[in-house]
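The sequence and structure come first.

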Amino acid sequence: MGYTIHYNGKDYDCGDTETVLDALLRHGESVPYSCKAGVCHSCLMQALKGQPTEASQAGLKETLKQRNFFLPCSCVPQVDMTVALAGEAELHHVSAEVIDKTPLNAHIMRVRLRPEGEFSYHAGQFVNFFRDESVVRSYSLASVPALEDFLELHVQRLPGGQLSPWIHDQLAVGDKVMLSEALGDCFYTRRDPAQPLLFIGTGSGLAPLYGIVRDALQQGHRGPIYLYHGTRSREEIYLVDELRELAAAHDNVHYQPCLSREEAAGFAHGRANEIALERHPDLKGWRAYLCGNPNMVEASKKKIFLAGAALGDIFADAFVHS
Ligand SMILES: Cc1cc2nc3c(=O)[nH]c(=O)nc-3n(C[C@H](O)[C@H](O)[C@H](O)COP(=O)(O)OP(=O)(O)OC[C@H]3O[C@@H](n4cnc5c(N)ncnc54)[C@H](O)[C@@H]3O)c2cc1C
Ligand code: FES
């Protein structure tokens, strides 16, 4: 059965359990998307006819909801719909120039960008990075607006991927790229400067944490800050010296790099989330930030809640890809 989706002057059938995005892609339409999980907002559309489902509007601003904007990757339609891509007014695209590209190890490229015009953000939020109109991926902001006049991304190469190898190999200093506005709620707010903070990241999940930790310090956070960063091996981990220096310069910062498949002096052996939870079994009153591997993020969220942290004190960005 299913319903009919009217898009771009054509009618397309959409299966019973199919999302609007999957139906459009199956019919050969080229529409932007990235996570397919309702996280990145890169697929934003407007329903011109037919009410979008509640699930497909979760996390959108109230003003967008009222105008029937929705995320087609999360919308299994319950009525026939006429849909259109979101316009520039809703997407707030910004052009930015690549001002630096530096490898942080064999897998991670640090990319620094200077936006043309005003760009407001919090360290730890993410931007959608456009290679062209349809290839778009999310990257987290490792820079701190009060400290740096550029945006910093840490991009891990996923072999065979559409965008990360292109960023590593093709993107050049001086190139102009298109970014979305900053999105997401994984950032520091100074509501209790004495609260203990726990940060757990895997791989390039360090990017937002590197920004948030430095932002918290810059905003005068006094409570203990524990940062656990995990990779499989020594050659995958990065920013170790910089983070050791940061910890040496601040009594309240404790940094623990972790390797799950290798033993090495100065590194804990095991998964970062398991080591963190073993060392901090009681997290009542703590705030936690989790970024990187989606399985790690989901499993840790539950465990941190069970260890006593309030749900509203757990911030997470799972680096889901489609
Ligand atoms: C909120 C958020 C923040 C993020 N922040 C960061 C960040 O700071 N740094 C970072 O590095 N990443 C981050 N990511 C992940 C990032 O958005 C991309 O998903 C990642 O870079 C991969 O993109 P890609 O285009 O290179 O790979 P994709 O083209 O998306 O492919 C991903 C992987 O799947 C494989 N693949 C693709 N198609 C198929 C297929 N048909 N069959 C089998 N395998 C397939 C590819 O080979 C590749 O290994 C974030 C994601 C989210 C949602
Ligand atoms: S929110 Fe739809 S693709 Fe990410």
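Phe199 and Tyr289 are both buried, where buried means under 20% relative accessible area, exposed over 50% and partly exposed in between (1.4 Å probe, protein chains only). This is a predicted model in which local features need pLDDT of at least 70 and side-chain atom pairs count only at pLDDT 80 or more, while totals for chains, interfaces and linings use all residues. Residues are numbered from 1 along each chain as its sequence is written, chains are lettered from A and ligands numbered from 1 in the order in which they are written, and side-chain values use heavy atoms, without hydrogens and water.

A search of the whole structure gives 5 aromatic pairs. Rings of Phe, Tyr and Trp (its six-membered ring) pair if their centres lie within 6.5 Å; planes under 30 degrees apart count as stacked, over 60 as edge-to-face and the rest as tilted. Two of these pairs are tabulated here.

| Pair | Centre distance | Plane angle | Class |
|---|---|---|---|
| Phe119 and Tyr121 | 5.9 Å | 50° | tilted |
| Phe199 and Tyr289 | 4.9 Å | 10° | stacked |

Phe199 belongs to strand β12 (residues 197–202) and Tyr289 to strand β16 (residues 287–292), so their pair ties together parts 90 residues apart in sequence. Strands (E, at least two residues) and helices (H or I, at least four) are DSSP runs numbered from the N terminus. With Phe315, Phe199 and Tyr289 form one aromatic cluster. In the other tabulated pair, Phe119 counts as buried at 15% relative accessibility, and Tyr121 is buried at 11%.

The largest nonpolar core has 30 residues, and Phe199, Leu206, Leu209, Ile225, Leu243 and Tyr289 have the most contacts inside it. Such a core is a set of buried Ala, Val, Leu, Ile, Met, Phe, Trp, Tyr and Cys residues joined through side-chain atoms within 4.5 Å. The elements giving two or more residues to this core are β12, α5 (206–218), β13 (225–231), α6 (240–249), β14 (253–259) and β16. Of these, α5 gives the most, with 8 residues.

Leaving aside neighbours within four places in sequence, Leu209 is in contact (heavy atoms within 4.5 Å) with Phe199, Ile200, Gly201, Leu227, Tyr289 and Cys291. Another core, of 23 residues, lies apart from the largest one and includes Ile5, Leu24, Leu60 and Phe70.

Ser42 is in the loop between α1 (20–26) and β3 (45–49). Ser42 counts as buried because its relative accessibility is 6%. Not counting residues up to four places away in sequence, Ser42 touches Pro32, Tyr33, Ser34, Asn128 and Val136.
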